[in-house]
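Work through these exercises with the sequence and the model side by side. Try each task before you read its solution.

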Amino acid sequence: MYKAQTRGISVTVMPRFVEEESSPDESRYFFAYTVEIVNNGSEQVQLRSRHWRIVDGRGATQEVRGAGVVGKQPVLDPGESFSYTSGCPLTTPDGVMAGSYTMATNAGESFEAEIPAFSLDSPHVRRSVH
């Protein structure tokens, strides 16, 4: 489990390797991740957009930006939470993801809530010890 907090917005991520959606012989590795966003602050916020940085095992970086998450732009009152699960295909057996959500307050102020960096690890990673 990976966790970050920004201005009272807690973001927790739990990644996992999905063997049944992966084909290591074809360099296809699929990872799912569940995100929980909790508003521990004192004001209502809305998740407006997302920005991901995905780095595969070879160091190739992909940036993904878009409105909301899983087709939603949830509004969270103080104490409320929102969870969703999504996925990420890679051509390497490991990688790292990190990013941020753009949140907006009722007053119209926007801020970036950090998504913690988290590892995408499969049992197909070849490790060497020197």
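**Exercise 1.** In which loop does Arg 7 lie? Find the loop, then describe the residue.

*Solution.* First, the ground rules. This is a predicted model, where local features need pLDDT of at least 70, side-chain atom pairs count only at pLDDT 80 or more, and totals for chains, interfaces and linings use all residues. Residues are numbered from 1 along each chain as its sequence is written, and side-chain values use heavy atoms, leaving out hydrogens and water.

Step 1. Arg 7 sits in the loop between β1 (2-6) and β2 (9-17). Strands here are DSSP runs of E with at least two residues, and helices are runs of H or I with at least four; both are numbered from the N terminus.

Step 2. Check the backbone. Arg 7 has a phi near 50°, a positive value in a residue other than glycine.

Step 3. Check the surface. Arg 7 has 42% relative accessibility, so it counts as partly exposed. The scale is this: buried is under 20% relative accessible area, exposed is over 50%, and partly exposed lies in between (1.4 Å probe, protein chains only).

**Exercise 2.** Why is strand β8 (residues 94-105) largely enclosed? Then trace its pairings.

*Solution.* Step 1. Count the buried residues. Eleven of the twelve residues of β8 are buried, so the rest of the structure largely encloses this strand.

Step 1. Take one partner. Strand β4 (residues 45-56) runs antiparallel to β8, and eleven bridges join them. Here Ile 54 faces Met 97 in β8.

Step 2. Take another partner. Ten bridges link β8 to strand β9 (residues 110-121), again antiparallel. Tyr 101 has Ala 113 in β9 as its bridge partner.

Step 3. Follow the turn. The hairpin of β8 and β9 has four residues between the strands, and Gly 108 takes a positive phi near 90° there.

**Exercise 3.** How many helices and strands does the protein have? Finish with its overall numbers.

*Solution.* Step 1. There are zero helices and nine strands.

Step 1. Get the extent. Along the principal axes, the C-alpha atoms fill a box of roughly 50 × 30 × 25 Å.

Step 2. Get the burial. Of the 130 residues, 43% count as buried.

Step 3. Look at contacts, meaning heavy atoms within 4.5 Å. Among contacts between residues at least 6 apart in sequence, 64% join residues at least 24 apart.

Key: Two strands pair if DSSP finds at least two bridges between them.
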